[in-house]
Amino acid sequence: MYPCNRSRLQSLVERFSQFGATANGGVTRLSLSKEDILARDCFIEICKELGMDIQTDDMANIYATLPGKKDCPPIVIGSHLDSVEKGGRFDGVLGILTGIEAIRTLKDNDIELDIPLMLVNFTNEEGARFDPAMMSSGVIASKFSREKMLSSTDKNGITFQEALQASGYEGEQENRLTEALAYIELHIEQGPVLAAKQCDIGVVEGVLGMVCYEVTVTGESNHAGTTPMSMRKDPMIVASRLISSLHEQLSKIDEELVFTFGRMHVMPNIHTVIPNKVVFTIDSRHQSPEVMSQVEKVLTGVASEEDGCLIRPVKLWGRETVFFDEAICNEVEKSCADYGYSFHRMFSGAGHDAQYIASFIPSAMIFVPSIGGKSHCEEEETTFEDCAKGADVLLETVLALQTKLSMGDRYTLSQ
Ligand SMILES: [Zn+2]
């Protein structure tokens, strides 16, 4: 085993948290902003010092490859350098920096790999500047069309295409990641589970499937003072009863089901007017397709009319659960066991680049605990001890995969 250097990893995280540092200890490093460019430049500088080859593709994804003794597709470690506005110092960037630390540790120990090891920075994972999230892993996995993405516009009216061209990071389409033996993404959990279970590492088996519904309740506007209660068609009252009833029904389906009534619009939203329309959303997530279909049954089964108001549920979008590669998950688990780190098998409730990459490369993720479960905020925190444990497991997993995969020229894990 080759343990990583915790203090070196800590200084690296601290160095990167200067790019877009906010007053309260977080970062704002929107994709292709000048802060993101500084982080990219620094990433490349470090990778070059480590003897890695650099390429960029037409989505400005950066690929840094440490050559192996064999000329074969690489094992890939990936994540993202961009952040949300006033985000934390660990989300995304930790996956890249633990990758760098893993390579530095290989160099410390004079280990030459058989299979090339590639680090990838995916552009605009957060979707905080340009919609949608996981844009560039989505494009290379053929989930989104590049043409469409180019016209995605930030709040200042700058298109993704303009930002791409101005960044100096637009490369060739032929450089896109198309083939690799394995993909591993280390990430902070962004939730409270590992900390609550006092576990060092999350072995991530997949990304939860989800559906998002929008429910429109239509009533009738009228004067708040002159309309007797018995003569109203008030969608606010109907909507609030509906939310309570849905909450009760969905809670009974499965204890691991999560659901959120996150957005509500009241029209016309004036305190002296009975509303005529209330629109709210329900985001619901679970790994099992059967559970999700029960959820949809509840949502589509609501009464179409109540107290004179019309109720109409519409599915905005959904995604199926993504299952990661069992063999790689087992290697992650074994690496934890080798180090004596406690681990927990889990699904990710949040989206990650790995969920798209998994469609064409055997993939898995490693989670490290988030203190207080906080993320996408300046308070986001993970101890450097846990970061280093994550780096240890990451490197150990890469080495185990190297051994297994280099025994034959062909891919010999599951799939
Ligand atoms: Zn992230």
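## Helix 3 against helix 12

Helix 3 (93-108) and helix 12 (384-406) pack at an angle of about 60°, and their axes sit 9 Å apart. Axes here are lines fitted to C-alpha atoms, for helices over the stretch in contact, and angles run from 0 to 180 degrees between N-to-C directions. Helices (H or I, at least four residues) and strands (E, at least two) are DSSP runs, numbered from the N terminus.

Who meets whom? On the helix 3 side, the residues include Leu94, Gly99 and Ala102, while the helix 12 side includes Cys387, Ala391 and Leu395. Contact means heavy atoms within 4.5 Å. By class, helix 3 and helix 12 bring 8 nonpolar, 3 polar and 1 charged residues to this contact. For those classes, Ala, Val, Leu, Ile, Met, Phe, Trp, Tyr, Cys and Pro count as nonpolar, Asp, Glu, Lys and Arg as charged, and the others, Gly among them, as polar.

## About the model

This is a predicted model, where local features need pLDDT of at least 70, side-chain atom pairs count only at pLDDT 80 or more, and totals for chains, interfaces and linings use all residues. Residues are numbered from 1 along each chain as its sequence is written, and side-chain values use heavy atoms, with hydrogens and water left out.

## Helix 1 and its cover

Now look at helix 1 (residues 6-16): its buried residues are Leu9, Leu12, Val13 and Phe16. They share one side of helix 1 because they cover an arc of only 100° around the axis, taken from the directions from the helix axis to the C-beta atoms. Buried means under 20% relative accessible area, exposed over 50%, and partly exposed in between (1.4 Å probe, protein chains only). Helix 2 (34-49), helix 3 and helix 12 are among what covers these residues.

The axes of helix 1 and helix 2 come within 10 Å and cross at roughly 145°.

## The zinc site

Which residues hold the zinc ion? His80 (NE2), Asp91 (OD) and His187 (NE2) coordinate the zinc ion at 2.0 to 2.1 Å. Donors are N, O and S atoms within 2.8 Å of the metal (3.2 Å for Na, K and Ca); water is not among the atoms, so sites may look incomplete. Asp91, in the loop between strand 3 (75-79) and helix 3, and His187, in strand 5 (residues 182-188), are 96 residues apart. Both Asp91 and His187 are buried.
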